[in-house]
Amino acid sequence: MGQAWPFHVIVHGVVHSVAEAFRRIRTLTPAARCSAAIEVLTDIAERRRPAADALKDWGLAHRFAGSGDRAGIASLVYDALRRRASAAWIMGADTPRAVLIGTLRLQQGLAAGSVATLFTGERFAPAPLSDDERARLDGGTLQDAPPEVAGDAPAFVLPDLAATLGDDLVPELKALARRAPLDIRVNALRGDRDAILPALAAYDAAPTPHAPAGLRVPIGADGRGPALHVEAEFLEGWYEIQDEGSQLAALLAAPRAGETIVDLCAGGGGKTLALAAETGNGARLIATDGDPRRLAPIHERLRRSGALAEVRTPRSGKARADVLEDLDGKVDRVVVDAPCTGSGTWRRNPDAKWRLRPGSLALRTAEQAQVLDRAARLVRPGGRIVYITCSLLSAENDAAVSGLLSGWRGRFDVVPADEVLATGPDSLRSAVRKTAHGIQMSPLRTGTDGFYVAVIARKS
């Protein structure tokens, strides 16, 4: 057996290691973060992978980077993805380097001189700016840019988006390219909004513009909000992190105590919890999802919040039984938070818009038709289907509702938008867009993600 190290030697070694770790963490200057962001953007482009995966792998390969550095790099990457098309336009190139440089100008308002202080080529900084890059930073403009560039969106979805957004197409797309706010929903099963406000005073939380149980917490300069999920009030179920648009969609579902309600695409349970809170746990609430893996978080969230819901998890495999068969024709209200492209969440998931393809849109619309048909078989005569997406695309919204109406000829009617809005706050009525079959929220008009809600009643 070897000789044991003296205690003071061990302590000295630990202290030295910690000091060395902090020294290495401090080497990630703003310029080094730019280099790291270019590296991550290159990985995303070359391997066509989600930004979250590329950022995670970068962090694992560079463990000396602290949490603040990783957050800063992530903010640079997501901002560059938000402004990818417009940044490439003013820089005359779509390389990761060009996109990041253009983003620093468009998103952060940095002039050529300020960007040059980050791009020096020294130590871990990116190579110095070329004469052409400086000229484009000084003189680049979006004045003559086409809508898909000015709005930073895939060109192939613009006709569909224009059908929904009309003259607001480019302003709405620009709003979708901004950073999203941090919203929470106060859990009415624990207490009201005024009761939790003092506990969040340090975060400058304020009521959301529309949702009666919502609070909005300011985000930092790096686009990130505080770690609310570690606060005691969160762990005790006083609130859930949930976009105001999602809160409003659950409110417009108009759940009532005494009803049997199925949350057909419950996922992690965000709307299930909101529905339970709206009814004061007075409804029979059943939550399920076609993908059993998505249901995994719901059990802990139910326990924490005090919400009561029956979770029916389908078994995997081709021969799995229908876990809702006993409810066919008996359900008062079926909430369908349908799988969609997520175009309404591009503020939060900017890489999703660049990975969107016509084939993936077709796949989603087929899934929406399938889940709506299942909802139609569940709802009783006189009952209602509440169809929700986080999409701005009419193909996933009004067209999906039209498909249900034509497939079930004469057995369903769309509930007028004014009747649906009557169950929500007055401020929402003048803010939303009314579509052929439903209502559309959006970042520009309502300050929320792009949620769509339509209510379809089965005839008695």
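These legends walk through close-up views of a predicted model.

**View 1. Helices α15 and α16 pack side by side.**
Here we look at helix α15, residues 270-278, and helix α16, residues 298-305. The crossing of α15 past α16 is right-handed. On the α15 side, the contact is made by G270, T272 and L273, while α16 contributes I298, R301, L302 and S305. Sorted by class, this contact has three nonpolar, three polar and one charged residues.

**View 2. Helices α5 and α8 cross at roughly 115°.**
The next pair is helix α5, residues 84-91, with helix α8, residues 131-139. Their axes come within 8 Å. From α5, the residues to look for are W89, I90 and M91; they meet E133, R136 and L137 of α8. Four residues of this contact are nonpolar and two are charged, with no polar ones.

A disulfide is a covalent bond between the sulfur atoms of two cysteines. The closest cysteine sulfur to that of C340 is in C390, 5.9 Å away, which is too far for a bond. Seen from C390, the closest cysteine sulfur is that of C340, again at 5.9 Å. The cut-off for a disulfide is 2.5 Å between the sulfur atoms, and by this rule the count comes to zero disulfides. C340 has a relative accessibility of 17%, so this cysteine counts as buried. C390 is buried too, with a relative accessible area of 8%.

**View 3. E172 is a buried residue of helix α11.**
Helix α11 spans residues 169-176 and includes E172. With a relative accessible area of 0%, E172 is buried. What does E172 contact, leaving aside its neighbours within four places in sequence? The partners are L165, R433, S442, P443, L444 and R445. For a sense of scale, the C-alpha atoms of E172 and A155 are 15 Å apart in space, and these residues are 17 apart in sequence.

Staying with helix α11, we turn to V170. Its relative accessibility is 24%, so V170 counts as partly exposed. Not counting residues up to four places away in sequence, V170 touches P147 and A150. V170 and L356 are 186 residues apart in sequence, and their C-alpha atoms are 19 Å apart in space.

**View 4. R123 and D152 have positive phi values.**
R123 sits in the loop between α7 (112-118) and α8. The phi of R123 is near 50°, a positive value in a residue other than glycine. D152 is not a glycine either, yet has a positive phi of about 50°. The place of D152 is the loop between α9 (147-150) and α10 (158-165). Are these residues buried or exposed? R123 is exposed, with a relative accessible area of 69%, whereas D152, at 1% relative accessibility, counts as buried.

Conventions: Residues numbered from 1 in each chain as written. Predicted model: local features only at pLDDT ≥ 70, side-chain atom pairs only at ≥ 80, totals over all residues. Heavy atoms only, no water. Axes fitted to C-alpha atoms, helices over the stretch in contact; angles between N-to-C directions. Helix = DSSP H or I, 4+ residues; strand = E, 2+ residues; numbered from the N terminus. Left-handed = near helix turned anticlockwise from the far one by under 90°. Contact = heavy atoms within 4.5 Å. Nonpolar A, V, L, I, M, F, W, Y, C, P; charged D, E, K, R; others polar. Buried < 20%, exposed > 50% of the residue type's maximum accessible area, 1.4 Å probe, protein only.
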